[in-house]
Amino acid sequence: MAVPPTSLLLSLDSTLQPLLLPSSSRPPRPSPSFLSRRLIRVLSRRPLISTPIPATVSQAVTVASTSRSSTLPDFKRTHNLTHGFLEIRPMNEAELDETVKLLAESFSDAMFGSDRCVPLLIFLVKQYILERLRLVPHMAVLVGLYTEKNSDVSQLACTAEVSFNDLGANTACPTPQPPAGYPYICNMTTKKSLRRKGIAWHVLRACEDLILQMEVKTAVYLHCRVVDKGPLAMYTKAGYKSTDMTGSDEDSL
């Protein structure tokens, strides 16, 4: 299934833009609510057979962290597509530089319409990801490895960042910010040459599957630029709705 190019680089936008543009040269920007929409989807969780309740809050945190630590390394989703094979899983250390390059190129294209800032962005994005990885297992960076049909060579095709709770929360979210303690998806992008192949759809679903496996809150938030009509349509099709238009959904969860 073909889907539009997808870019959720709003978190990196909020983090890196002040470093890239001096305040005197920054063009005037419309209000944040015009730039992006906060979207929410409530996932359906399968009933658990048995979930022991720890005696204290500290024990609860320890048990939850241990469970997440064991879940993350084993998480994997594979898809046989008409044009190739896609494997989605947590990023490993050897894939860090390639993931950083993909994010830097996507961010530069989205922000400047060119690759002129990619070298600087590679340095900044790498520092950002290294800082974020210190919060594992309360967050994760997923990557998708794509192998074209009749080929044995795989390439890093996509990435996405997921935070599961307050301990893994991204403090650079654009406004309107997601409520505290809820899962949040950001920095999701697909390699430019591999877009419109349905890869973004599978990455989004993999993020949701991982959130369910991590046994956290099931209301998932993300941001989408208002100007990105294609991605916004994809998220709507996936079941997301705008909290900017419907009010504060988290109050009823």
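**Figure 1. Lys 217 over the ring of Tyr 182.** In this predicted model, the charged end of Lys 217 sits over the Tyr 182 ring, 4.3 Å from the ring centre. Tyr 182 counts as buried, at 14% relative accessibility.

**Figure 2. Aromatic pairs.** The whole structure holds two aromatic pairs. In one, the ring centres of Tyr 182 and Tyr 221 are 5.8 Å apart and the planes stand at 75 degrees, so the pair is edge-to-face. Tyr 182 lies in the loop between strand 5 and strand 6, and Tyr 221 in strand 7, so the pair ties together parts 39 residues apart in sequence. Tyr 221 is buried, with a relative accessible area of 0%. Tyr 235 and Tyr 240 also pair edge-to-face, 6.3 Å centre to centre with 75 degrees between the planes. Both of these tyrosines are buried.

**Figure 3. The largest nonpolar core.** This core has 37 residues. Leu 204, Tyr 235 and Tyr 240 have the most contacts inside it. Elements that give two or more residues include strand 3 (84-90), strand 6 (184-190) and helix 7 (229-237). Helix 6 provides the largest share, nine residues.

**Figure 4. Surroundings of Leu 204.** Neighbours within four places in sequence are left aside. Leu 204 then contacts Ile 185, Met 188, Leu 222, Met 234, Tyr 235, Ala 238 and Tyr 240.

**Figure 5. A second core.** This separate core has 20 residues. Among them are Met 91, Tyr 128, Val 141 and Tyr 184.

**Figure 6. Lys 237 over the ring of Trp 201.** The charged end of Lys 237 sits over the Trp 201 ring, 5.8 Å from the ring centre.

Note on methods:
Residues are numbered from 1 along each chain as its sequence is written. This is a predicted model: local features need pLDDT of at least 70, side-chain atom pairs count only at pLDDT 80 or more; totals for chains, interfaces and linings use all residues. Side-chain values use heavy atoms; hydrogens and water are left out. A nonpolar core is a set of buried Ala, Val, Leu, Ile, Met, Phe, Trp, Tyr and Cys residues joined through side-chain atoms within 4.5 Å. Buried means under 20% relative accessible area, exposed over 50%, partly exposed in between (1.4 Å probe, protein chains only). Helices (H or I, at least four residues) and strands (E, at least two) are DSSP runs, numbered from the N terminus. Contact means heavy atoms within 4.5 Å. Rings of Phe, Tyr and Trp (its six-membered ring) pair if their centres lie within 6.5 Å; planes under 30 degrees apart count as stacked, over 60 as edge-to-face and the rest as tilted. A charge sits over a ring if NZ of Lys or CZ of Arg is within 6 Å of the ring centre and within 35 degrees of the ring normal.
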